[in-house]
Amino acid sequence: MTTFTANDFEYMSLALRLAAQGLNSTTPNPRVGCVLVKDGQIIGQGAHLKAGEPHAEVMALRDAAQKFPNNILGATAYVTLEPCSHFGRTPPCANALVESGVARVVVAMQDPNPKVAGDGLKILAAAGIAVEHGLMEAQARELNIGFVTRMMQNKPYVRVKIAASLDGRTALANRESKWITGEPARHDVQQWRARSCAILTGIGTMLADNPHMNVRIPTTRQPLKIIVDSQLRTPIDANILKDGNVLIAYTQADDARKSALLAAGAELIQIGNRPQVCLKTLLSELAKRGINELMVEAGQTLNGALLAAGLVDEFIFYYAPLILGADAHGMLAIPTLQSMQERISLKIVDTRQVGQDIRVLAKPVYPQ
């Protein structure tokens, strides 16, 4: 087992911070950072910021060539993800590192993309470069949890956001829900939206709230907006359609409704012909489109259906210091449990106060 030094951790930590610069912009690519070090001095650093643009390793090599020309030979490269080994929009980064003359490459995690999956490490090793991996792997994996999930499970990483009162209610009986949480929590939601590739809602929420579902803070791109609407009941004047970039998943609808929504700027995708959209099939289709992280902002019906199908990877709960009562709407519509053995366990991964509200990040623990 490789023993890494304190300096190794320091340089990989910097590479991870560089990678995080692409948090909201690298879709569908992973977020990657690279740091070049020689004789204890950082000589180059870079990050991948947008699909089609140079990868982190190339950016770091260019940075080093400008600041320390002819000084890369024998350097160590710290990379948060295994250098790619295939031609995509850009040439293989593994080859670029070999040609640069680096002597050692430290990688946080192996690339789960089957087009790479260890081949990048093999190219480096075959060229006589010392290759080590596994340094801060958990942090690197979390940074690219959506990319990893898409590659390994053929689905996006699904986060379900729920704003509720302390008694677990999301709206009054008359569906009024603005605003349960305070401004700081609503601003925090925008951060999660900005990093997401797409935001998903259901037709019930669409008809009740007429949401815009856009990012309301400075961002490099707006996520794709997706509506689960089996019968295409989305109004053609809905707010969500005004800025385009909308995908509606349906099962059955007449040609007139299809034509009207297409004319309004929506893209339609038919997922089977049963009464309800197959959510697993929909997520598979989204994976094919390069959707890494999917944020769900829906009502209890769609939330419950996703959980029942085992498709939720993480919940973002915002609990407001309010009581709305038993007649208000709940968070998740799931079948009535008959025993405690049927309960759904959650693993809490983070809890913090946001303004006057409490944010809880929790992951479902599904039976093995």
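Colour the chain by pLDDT to start: this is a predicted model, and the protein chain averages 93, with 98% of the residues scoring at least 70. For the two ends of that scale, pick helix α3 (residues 93-100), where confidence is lowest at a mean of 90, and then strand β11 (residues 293-296), where it is highest at 98.

**The open sheet**

Next, show strands β1 to β5 as a cartoon. You're looking at an open sheet of 5 strands with mixed pairing, in the order β2-β1-β3-β4-β5. Which strands stand at the edges? They are β2 (41-47) and β5 (130-133); each has a single partner strand, so one side of each is left without a neighbour in the sheet.

Zoom in on β1 (residues 33-38) and β2. The two run antiparallel, joined by 6 bridges. Select Val37 and you'll find Ile42 of β2 standing opposite.

Now bring in the helices. Helix α1 (residues 6-19) packs on this sheet and touches β1, β2, β3 (76-79) and β4 (104-107). The direction of α1 makes about 145 degrees with that of β1. Over at β4 and β5, select helix α4 (residues 119-126), which lies across both strands and runs at about 150 degrees to β5.

**Cysteines**

Buried or exposed? Cys34 is buried, with a relative accessible area of 0%. Draw a distance from its sulfur to the closest cysteine sulfur, the one in Cys93: at 8.7 Å, the pair is too far apart for a bond. Across the model, the disulfide count comes to 0. For contrast in setting, jump to Cys278, which counts as partly exposed because its relative accessibility is 36%.

**Helix α7**

Select residues 183-195. This is α7, a helix of 13 residues that reaches 19 Å from its first C-alpha to its last, close to the 18 Å expected at 1.5 Å a residue. Colour the buried positions: Ala185, Asp188, Val189, Gln190, Trp192, Arg193, Ala194 and Arg195.

**Last stop: Thr201**

Move along to strand β7 (residues 198-202) and click on Thr201. Thr201 is buried, at a relative accessible area of 0%. What does Thr201 touch, leaving out residues up to four places away in sequence? Show Met206, Met213, Ile226, Ile227, Val228, Glu297, Ala298 and Leu302 to see its contacts.

Key
Residues numbered from 1 in each chain as written. Predicted model: local features only at pLDDT ≥ 70, side-chain atom pairs only at ≥ 80, totals over all residues. Heavy atoms only, no water. Helix = DSSP H or I, 4+ residues; strand = E, 2+ residues; numbered from the N terminus. Expected span 1.5 Å × (residues − 1). Buried < 20%, exposed > 50% of the residue type's maximum accessible area, 1.4 Å probe, protein only. pLDDT = per-residue confidence, 0-100. Contact = heavy atoms within 4.5 Å. Pairing = 2+ DSSP bridges. Axes fitted to C-alpha atoms, helices over the stretch in contact; angles between N-to-C directions. Disulfide = S-S within 2.5 Å.
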